[in-house]
Amino acid sequence: MDLSFDLVTALDRMLAGAAPHAGLVEPGFTPEVRPADPVHGDFQANGVLAYAKRHRQNPRALADTLVRQLGELTPLFDIAIAGPGFINFKLKPATLLAWLKAHATRDALAAGAAAAEHGHTVVVDYSSPNTAKQMHVGHLRSAVIGEAICRLLEFSGAKVIRDNHVGDWGTQFGKLLWAYKRHLDPAALARDPLEEFERLYKTGNHAAEADPAVLKEAQQELVKLQAHDPENLALWKKINDTSLAAFQQIYDQLGIRFDAMLGESFYNDRVDQIYRELMACGLAGESQGALVVFHPEHPRFKTQPFIIRKSDGAANYATNDLATILYRAEHFHATDALYVVDKRQSDHFDQLFLTAGKWFEKTDRALPRLEHLDFGTVLGENGKPLQTRSGENIRLKDLLAEAVERSYRLVSEKNPELPDSDRRAIAQIVGVGSVQYADLSQNRSSDYVFAWDKMISLDGNTAAYLLYAVARIHSIFRKLGLPPGDAAPEAGAIPFETPAELALARKLTHFPDALDLAVQQLRPHFLCTYLYELAGEFSTFYNADKVALEDAPVRARRLILCNRTRLLLETGLQLLGLRLLTKM
RNA sequence: GGGGCGGUAGCUCAAUGGACAGAGCAUCGGUCUUCGAAACCGAGGGUUGCGGGUUCGAGCCCCGCCCGCCCCGCCA
């Protein structure tokens, strides 16, 4: 057995191959190899338990027979049978060293990881704000989680297409255009256009609510826009361009760059085909003046309609999303389409995917794997959705600015001797990274409480704690005058001996397990948990064992531990979308 | 009314049907003449909402109940 990146899979294959020689055959023995609790070893195989039960055999005796067939593994692992019949595998110190030598660079890690998603073309639909409005805290999670998922999939070998499905064709434009033509403040427009658009939208909205005549006029503006009236179309374009430029400032801070920006307007002239096809294949029918799809086999959707054309004849987001699936399948040849969208829209996606599945089947098309990657709400410390004291949505640019400002104050307090420009740069990385990491480190499906003090803190599972570990490693290499990626000082290393060395080396070799879990479930928090534990093991090691010592072979092996910890922390943080630093 | 998600330590959260349910915060107590103490080490703290069931094994799966949040026809 070679020391492959993915030791779980390698062990699993070994056991499956050895099983017939131990008499484990029908019906289908599966080794069930998985990472183990460190008190038991590195990996455990649980498969003999179920097999022994099915065949009324003694599981411990069966495990023993199987282990006897694993002679090839004994130079690499300590193998033990425990409890009712678990087989435990513990990497030997020399094996740990060999694995770490074989995975010394980012390229080596990427080469190992790339098998998992090879051959997949994944469109990821995330961020997707509405134009003419500023991005607010409600847009945070989709952007942050979506970007992390893109990076995880890319690293795992997928071709990823980042698609920002912006809401650039909504009903908001009627009211906005109405107000623009009557209440525009040119000075405000010049100063901060998006602010002014937002004010105008609110003006129009209030006016329309107060006066049905205004509502009618606003609807007329929308009709004119949709009929491609030159004046309204030019205004619409200006509003969108302004919005997208403002969005990009946020995306730049979050490290996001989209491959496609195909908003609702792009699909505007593609919806007629949807109506035609869905009616032709008998899926859609008229109900209360609207065109809808029911799913008779479904307990709820047999009565809860999926509306694809409103009674006024206009398309809505359902139509749009159907057209988008078709485009992604035909144009991007997507094997997978993922939607990073608020969990409150799960009914919509259930109906969308059901409808698309039947439609594609009836029209003999290949349906990509469609998945709604839901996420919970960002709550304030009162347990309610996070808002300003006056009940407004918190703007994302203000939220990020506050994170940077708080980090600046902290860096200045902890490290006042650094030049101000350095402290500013560090605060930018720590502040934005703290917001990203707080969002990612928790299971995306749950709501989470937004708490500044915990987020920026150096204590606990935070970005600052991880970045601090990275900075300390860089500091070691600076002090020794060694470039951090250099392999030469690692030569002559002898296998690990101290408890702290062994614990850290062991943790390092489990990076693939964490990555696999995060990618398979598309939940970045598994990677966060791992990185936090890794940083913790490093801190323990750093505290217990001195690196810069005279004994060359010991120093070499400790430098390997430092360098690999740095490599994995940096790689992991980048996969999450964070930027890196070397001092803080 | 129908449905979705959740309820785990005082608080915020982890835990792929596997071994004794783990972290952080907070509390209490230790560690800087030594590579960055923004750190480390240790202690206490649990009937996993309640009741049944399936399983060699359940926080996780099934059934019932209680509580909370969210969704349920033309917003997205």
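**Aromatic pairs and a domain contact**

Tutor: A search of the whole structure, which is a predicted model, finds 19 aromatic pairs.

Student: Which class of aromatic pair do Phe 450 and Trp 452 form?

Tutor: The ring centres of Phe 450 and Trp 452 are 5.0 Å apart, and the planes meet at 85°. Planes over 60 degrees apart count as edge-to-face. The pair of Phe 450 and Trp 452 is therefore edge-to-face.

Student: Is Trp 452 buried or exposed?

Tutor: The cut-off for buried is under 20% relative accessible area. Phe 450, at 5%, counts as buried. Trp 452 has a relative accessibility of 14%, so Trp 452 also counts as buried.

Student: What kind of aromatic pair do Phe 538 and Phe 541 make?

Tutor: Their centres are 6.0 Å apart, with 50° between the planes. Stacked needs under 30 degrees and edge-to-face needs over 60, with the rest called tilted. The pair of Phe 538 and Phe 541 is tilted.

Student: How much area do domain 1 and domain 4 bury between them?

Tutor: In chain A, domain 1 covers 7–91 and domain 4 covers 397–575. The centres of domain 1 and domain 4 are 35 Å apart over C-alpha atoms, and the contact takes six residues from domain 1 and four residues from domain 4. Carbon and sulfur atoms carry 51% of the buried area, which totals about 480 Å².

Student: Which three residues supply 56% of the area that domain 1 buries against domain 4?

Tutor: No other three residues of domain 1 supply more of this area. They are Pro 35, Asp 42 and Leu 91.

Student: Which residue meets Asp 42 in a salt bridge?

Tutor: Between domain 1 and domain 4 the count is one salt bridge. The cut-off is 4 Å from nitrogen to carboxyl oxygen. At 3.0 Å, N to O, the side chain that meets Asp 42 is that of Arg 506.

Note on methods
Residues are numbered from 1 along each chain as its sequence is written. Chains are lettered from A and ligands numbered from 1 in the order in which they are written. This is a predicted model: local features need pLDDT of at least 70, side-chain atom pairs count only at pLDDT 80 or more; totals for chains, interfaces and linings use all residues. Side-chain values use heavy atoms; hydrogens and water are left out. Domain bounds come from an automatic or database domain assignment. Contact means heavy atoms within 4.5 Å. Buried area is the accessible area (1.4 Å probe) that two parts lose on being put together, summed over both. Rings of Phe, Tyr and Trp (its six-membered ring) pair if their centres lie within 6.5 Å; planes under 30 degrees apart count as stacked, over 60 as edge-to-face and the rest as tilted. Buried means under 20% relative accessible area, exposed over 50%, partly exposed in between (1.4 Å probe, protein chains only).
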